[in-house]
Each structure stands twice: as C-alpha cells, then as structure tokens.
Amino acid sequence: AGSIAADQLAFIRADGEIRGDSELSSLQISISNALLNLPFGRGDVAFGFEHRQESTSKRPGPLLSSGGTIGSVNLQQTEGDRHVSELYAETVFPAWKSASDRYRLDVEAAVRYSNYSDFGSTTNPKIGLRLQAGAEYLLRATYAEGFRAPSLNQLYEGATEDQAFIDDPCQQAANIGVLPGCSQLADPTRNQFLVVTGGNPALQSESAQTYGAGLVWTPRRLPGMVFSADYFRIEQEDVVDASAQFIVNQNALTGRFEEHVSRDEAGNLTLVSARNINIGERRISGVDLAVNYTHPERRWGQLTLTGSATWIEEYRARLSADAPALDLAGTFRDEASEGLGGIPEWKAHLGLRWDRRRWRGNYQIHYVGQMKETLSGGGSHSIKPWLVHDLQISYKFDLFEGLRWTLGLDNALDAEAPLAITAFNDNIDGRTHELKGRFWYTKLSQRF
C-alpha cells in the first residue's frame, strides 16, 4: 500500500467512452375465431402476420477503438440491421370424444413461416396432443421444431479484446512433440491470454427439435390436489459460440486453426482469434415435476401448497462434429473460463401459503443440488447442495382499501453459499447461489 503515488495512478488511468443505440419497429396483425360446428365440440383457430425492423450500432471512443488500454475492453465499431416478415397459424380442436364425454382427444397445431433479409426463409411446425382419460388423468405430448437467427451483435459486432482464462495443452511436457500443434513447452505458470472475439457475418442459423410428454393427475379422493410430470428432450444444432479454448485445443490436437493461434519464440500463446462460429451441438433431457394443493377453507384459514422441481437427466454438449460429447449435468464451469456456469441435476422449490381474512403467511424452501467442478491442477471438487428457507407475513389494512404491510426473513437459517474453487474472483457460483446471508426486510404496498 502506498507504493504507487497519486500522480502515478492519475497517469495510468483513463476514461473510455462507448456510445450506441438499438432500434426495433414492429407491426403485428392477428385474426382469431371460434370453430363452433366441429363434430366433437368447439375449436379455435388464429392467423397472424408480423413484421420487424431491427438495427444496432455501437461506437467506441478513440481510446478504446485504438486498442490502447490494458485491463479494459478494446473494441471496434458495430453496425447492423435486418428486417423480418413472418406468417403463422395456430389451432386447437377436439378430434374425438367418447359418448360419456369422460374421454376426449384434443389436437394443438401451429406453423410459422419466417423470412429474414439476411438468412432467407424457414418454416417451423408444432404439433401437440391432449388426451383426457377420465376425470383424474390427462396425458399430453408435443413435438416442435425451432429456429434462431444469430443476433445482430453475433453477426456484426466489431473485434473485442479480452484477457481470457485458457488451459494450454502445450504447457504439459507429455504433449510436446506428441501433439501436432505442440513443438515447444509453454510456460506452465500462465493461465490468462489475449483473446480477440467479435461478430461473423458468415454465421448460419441455429436449429432445434423439442419433444415432450407428460401426465397430469387430479385425484378424486383428494380434492384440490394436482400432480404433473413432464419429460422433455431438446436437440440443438449449429449453436453459435466463440470459444478460444476450443480453438487452442483443436490447434494443439490436430494443427487446425493455425491462422487463429499466435505464439512467441518460447512457445507461449500471445493471441487467440476466436470470432463467433457455428460449432455447437447440445442435447438436453430431463423431467419437470409440479404439485399444487389447496386445502378447503377452515375457521383457522386456508392453506395452499405449491411445489416444483427439475431433474436434468443429461446435458450433452459437443463443440464440433468431430469432438466428443460431454455430459455437463451436475457440473460447474465458470463463464470466465468459457463454461456454461452451474448445471445442477436437481433444482426444487416448495411453498406453503396461509390465508385468513386480512392475514397472509408464506414459507418457502429453495434447493439446489450438488455439482462437481474440475480443478486446474487436476482432480475435482464437489460443490455442496444449497438449501434456503424464506419466511414472510403480511397484513392488509382497511385504510385506502388495500394498504398491505409485509415483514419478511430471507435465508432464515443463514445458509452460506457453497464454495466453488474455480469461480472467477468470488469463489461462489453467483448465478446459482446468493452470497448474502440472513436478510430482514419490511415494506408497505398499496394497490390501486
């Protein structure tokens, strides 16, 4: 402390400026109608037209656009625009019902045609079935195709410099002379390197296929209770990404991307060019669970139970067609290291609400399951499960016909965010867990 004088600090500090704007203009027209004369009951149909014009602009000042700063982001100008026209049709209609009306089959169908000024045309359908099997059971299934054009920033963003965390295979002595891209041993103590990212006008669109099937159970012996379980599977192709780690790995393993990787005379990385490319494939599957129960009202009040949980069966990610697929379910890798953050296998929420006249109380439980992280020096570390309890009580006054006072306590047991060793800077997964501990609050609210 005190080793750098104030005039020295003033000399090395500078203010950078970025000015930018984005604009979206849209026109939407929709027409819907009830189909009253179908053989098995009423159906509905809707048609629509949408038109959008999008533009974006980002203009860095002279300092940032010249590449003259360290510890900041140097970037170039971004300019892009597009217009999109879309037509869609949707319908829900009863395809069949039994004579007793206890069993019925409904069909949901939709189709969307899209025309992009920069990506051409695409047509994507959706089909869904709903089978009411008696008073207690509802079966449902869906299939849909998805399409996503890269954003204007992904296409046209100017080059941006950053210092990224990269594991260089050429820092391991066992790889020297063995891997085609590793002829010299790089300094094993370095882990941050200069990376240039930016848009790529040659990107292709992303596509997806989604499958789902589920059951809704409304037990007659327990009025007010509803259970649901839905299985989902999502397959994505040509996912847009900018991965310096992928390029460095491929360069070391196969010698590819030689023009994107620069090294000095000692074999150390000096620059990695990692603009956006279509390199990704993902396959995600799991189950969504939900429960809702409303207890009949009594003199002491009424109770309502709500709960939901998601189990990720697999989260397979492949960076290219010839790369191995990695199952990321139950793992953590920080975004600063080009990871997707935390992907716990289990996440759940349970809430209990009590209502009696002017009083209302809430008790909520939030759960995030265990995750595993890979350490840079080898080995792994388990990030512990996280369980948080929240309490709240409120009272509604006659004053102003709706004035409500609320007192709450979040994280009542003061549960600490679990340690994530590889998380950048703060050693917690800040996108999944909260750093703050026990937290009191009170508020007054008025609804008009």
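Author: Start with D168, which is buried at a relative accessible area of 3%. Buried means under 20% relative accessible area, exposed means over 50%, and partly exposed is in between (1.4 Å probe, protein chains only). This is a predicted model, in which local features need pLDDT of at least 70 and side-chain atom pairs count only at pLDDT 80 or more, while totals for chains, interfaces and linings use all residues. Residues are numbered from 1 along each chain as its sequence is written, and side-chain values use heavy atoms, with hydrogens and water left out.

Reader: OK. Which residue forms a salt bridge with D168?

Author: R263 does, and the closest N and O atoms are 2.9 Å apart. A salt bridge here is a side-chain nitrogen of Lys or Arg within 4 Å of a carboxyl oxygen of Asp or Glu.

Reader: And where do R263 and D168 lie?

Author: R263 is in strand β11, while D168 is in the loop between β7 (160–165) and β8 (192–197), so the pair ties together parts that are 95 residues apart in sequence. R263 is partly exposed, at a relative accessible area of 25%. Helices (H or I, at least four residues) and strands (E, at least two) are DSSP runs, numbered from the N terminus.

Reader: How many salt bridges does the structure hold?

Author: The count is 23. One of them joins the side chains of D398 and R358, at 2.3 Å from N to O. D398 sits in the loop between β22 (386–396) and β23 (403–410), and R358 in the loop between β18 (346–356) and β19 (359–368), so this pair ties together parts that are 40 residues apart in sequence. D398 is exposed at 56% relative accessibility, and R358 is partly exposed at 31%.

Reader: Which residues do salt bridges that share partners join into one network?

Author: E50, R52, E54, R82, E86, R112 and D118.

Reader: What about E17 and R19?

Author: Their side chains meet in a salt bridge too, at 3.7 Å from N to O. E17 is partly exposed at 47% relative accessible area, and R19 is exposed at 53%.

Reader: Switching to rings. How many aromatic pairs are there?

Author: Rings of Phe, Tyr and Trp (its six-membered ring) pair if their centres lie within 6.5 Å; planes under 30 degrees apart count as stacked, over 60 as edge-to-face and the rest as tilted. By that rule there are 9 aromatic pairs. In one of them, W217 and F227 have ring centres 5.4 Å apart and planes at 20°, so the pair is stacked. W217 is in strand β9 (residues 206–217) and F227 in strand β10 (residues 225–241), so the pair ties together parts 10 residues apart in sequence.

Reader: Which residues do ring pairs link into a cluster?

Author: Y137, W217 and F227.

Reader: Back to α4. How many of its residues are buried?

Author: 8 of the 11, so α4 is largely enclosed by the rest of the structure. The buried ones are A244, Q245, F246, I247, V248, Q250, N251 and A252.

Reader: What do the buried residues of α4 pack against?

Author: They pack against β7, β8, β11, β12 (269–273), β13 (277–294) and β16 (331–333). After α4 comes G255, with a positive phi near 85°.

Reader: Last one, the overall picture. How many helices and strands does the protein chain have?

Author: It has 4 helices and 24 strands. Of the 448 residues in the protein chain, 33% are buried. The C-alpha trace spans about 80 × 55 × 45 Å along its principal axes. Contact means heavy atoms within 4.5 Å. Of the contacts in the protein chain with a separation of 6 or more, 64% are between residues 24 or more positions apart.
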